[in-house]
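Visitor: I am new to this structure. Please pick out one part and take me through it closely, side chain by side chain.

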Amino acid sequence: DGADPAAVAATVAAWPDVSVHTRAEQEQLLVHGMIEKARRQIGLFLVLLVIISTLIMALILYTLTLEKLHDIAMLKLMGARNPMIIGLILQQALLLGALGFGLAGALGHWVFPRFPRRVLITSHDVWTLALMVMGISVLASLLGIWKAMRVEPNKVLS
């Protein structure tokens, strides 16, 4: 008591292994440090989730395309153009993505009120997620499209 806080802070700050912060600076460090760490963790989780979702969806679409190789060869033999076959695979991918988005939205509306912390999702977040799902669906369909384009029409005859 009675000491000059600035003089004490200057003395302590001169020590090589100590830093001095005011109460407001300490609160700022604590709040921003925790928030920044949580934000980075959530960001990393989201990136991993997008990558894994894309890979899983690509494998599902590839498997579905493999099951239809005979039908795709038959379509090519009958004269179907490549854009039509690409469109069919893209439609399947977008339908799968829309189904997943709708199911996640319905489940989210049911779960969020029961969640221990308040979850705030704005309409901007929903539209951004919808665009991401469409992008993931298109990206995931590329493997199936690649396989479908490599099918020879004469394969159906053998």
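Guide: Start with Glu-27. Glu-27 is partly exposed, at 46% relative accessible area. This is a predicted model, so every value here is computed from it. The side chain of Glu-27 meets that of Arg-23 in a salt bridge, 4.0 Å from N to O. Arg-23 counts as exposed, with 68% relative accessibility. Both residues sit in helix H2, four residues apart, so about one helical turn separates them. As a general point, side chains of opposite charge can pair when their charged atoms come close.

Glu-36 is partly exposed, at 27% relative accessibility. What does Glu-36 link to in a network of salt bridges? The network joins Glu-36 with Arg-39 and Arg-40. Take Arg-39 to begin with. The closest N and O atoms of Arg-39 and Glu-36 are 2.7 Å apart. These two are three residues apart in helix H2, about one helical turn. Arg-39 is exposed, with a relative accessible area of 52%. Now take Arg-40. Its side chain meets Glu-36 at 3.1 Å, N to O. Here the spacing is four residues, again about one helical turn of H2. Arg-40 counts as exposed, at 58%. In total, the model has three salt bridges.

Lys-76 lies in helix H3. Is Lys-76 buried or exposed? Lys-76 is buried, and has no salt bridge. The nearest side chain of opposite charge is Glu-152, 6.7 Å away. A salt bridge needs a nitrogen within 4 Å of a carboxyl oxygen. Lys-76 does have a polar atom of its side chain 3.0 Å from the backbone oxygen of Val-151. Leaving out residues up to four places away in sequence, Lys-76 touches several others, among them Asn-82, Ile-85, Met-149 and Pro-153.

Look at the helix around Lys-76. H3 covers residues 69-77, and its buried residues are Leu-69, Ile-72, Ala-73 and Lys-76. Seen down the axis of H3, these buried residues fall within an arc of 100°, so they line one face of the helix. What covers the buried residues of H3? The cover includes helix H2 (23-67), helix H4 (82-111) and helix H5 (123-149). Helix H2 thus comes back into view, because Glu-27 and Arg-23 lie in H2 too. After H3 comes Gly-79, with a positive phi near 105°.

Definitions and conventions: Residues numbered from 1 in each chain as written. Predicted model: local features only at pLDDT ≥ 70, side-chain atom pairs only at ≥ 80, totals over all residues. Heavy atoms only, no water. Buried < 20%, exposed > 50% of the residue type's maximum accessible area, 1.4 Å probe, protein only. Arc of directions from axis to C-beta. Contact = heavy atoms within 4.5 Å. Lys, Arg positive; Asp, Glu negative; His and termini not counted. Polar contact = N/O pair within 3.5 Å; in protein donor to acceptor, adjacent residues only side chain to side chain.
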